[in-house]
Amino acid sequence: MLKNFENIPVELPVDEVLKRMGYNRHLTGISQEQANKITYYMNEGYKICMPAGRLERTGIAERGDGYVRLENGYLIESGSVCKLLADSRECVLLGARADFGILQAIDEFIADKNGVAALIYDAVASEVVDAALTWMTRRLGQEVSRLGLRPTKMRYSAGYGDFPLENQRIFYEVLKLAELGVTLSENFIFSPEKTVTALLGLE
């Protein structure tokens, strides 16, 4: 069953946002005024990020040399994914996107030549959406623990290793991301760009 999550309640991942912007507290020196400005924009961006996500569980119908076929009919050809799902009974597909409000704000900052704010908002959107996947994974783990199952320690995204980006089509179709306002280009790129997907297994 497809599960839908609105305004996923993740905390602002401050350290991750700072790392994404290249900040190192041991090497990067900034004034108090700069620190205050960064904190302000981080908090303001976080308020309008409001990530939404979807999750779908499906059984594994067939395993072969370098591929798995899901019970929903989709074929995944990837040695890395096969390894991830080696001990799994099910495969879970997840997807999340940032609210369009923060994306509009980034465009407005760029138009106003406020590069600092645009950079911070962009980093916040990226890290909050990634945190949304982690939140969904943890919630799933709580739900399936009573069944003696647990999510794999890692998740895998299309575009990494031997899991080609074209597999974004599977996530797009299975999770019905169009209903969240997401589109998929001919080159398998999501719009809005602050959309992330991944799969994991239930062992």
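Let's start with the strands: strand S1 and strand S2 (residues 52-64) run antiparallel and are joined by 3 bridges. Strands here are DSSP runs of type E with at least two residues, helices are runs of H or I with at least four, and both are numbered from the N terminus. Two strands pair if DSSP finds at least two bridges between them. This is a predicted model, in which local features need pLDDT of at least 70 and side-chain atom pairs count only at pLDDT 80 or more, while totals for chains, interfaces and linings use all residues. Residues are numbered from 1 along each chain as its sequence is written, and side-chain values use heavy atoms, leaving out hydrogens and water.

Arg63 faces Val68 of S3. Between S2 and S3 lie 2 residues, making a hairpin, and Gly66 in the turn has a positive phi of about 85 degrees.

Next come two helices. The axes of helix H2 (residues 32-49) and H5 come within 9 Å and cross at roughly 50 degrees. Axes are lines fitted to C-alpha atoms, for helices over the stretch in contact, and angles run from 0 to 180 degrees between N-to-C directions. Under 35 degrees counts as roughly parallel, over 145 as roughly antiparallel, 65 to 115 as roughly perpendicular and the rest as oblique, so H2 and H5 are oblique to each other.

Where is empty space left inside? Rolling a probe the size of a water molecule over the atoms shows this. A cavity is a set of points, on a 1 Å grid over the protein atoms alone, where a 1.4 Å probe fits but cannot get out; lining residues have an atom within 4 Å of a point. The count comes to 1 cavity of 30 Å³ or more, and the largest cavity holds about 30 Å³ of space, a volume being the space filled by probe spheres set on the points. Its lining consists of Lys3, Phe5, Leu55, Met136, Arg139, Leu140 and Glu143. Strand S1 (3-5) and helix H5 (115-144) are the elements that give two or more residues to this lining. The largest share, 4 residues, comes from H5.

Methods: 1 Å grid on protein atoms, 1.4 Å probe; cavity = no way out; pocket = protein on both sides within 12 Å on 5 of 7 lines; lining within 4 Å.
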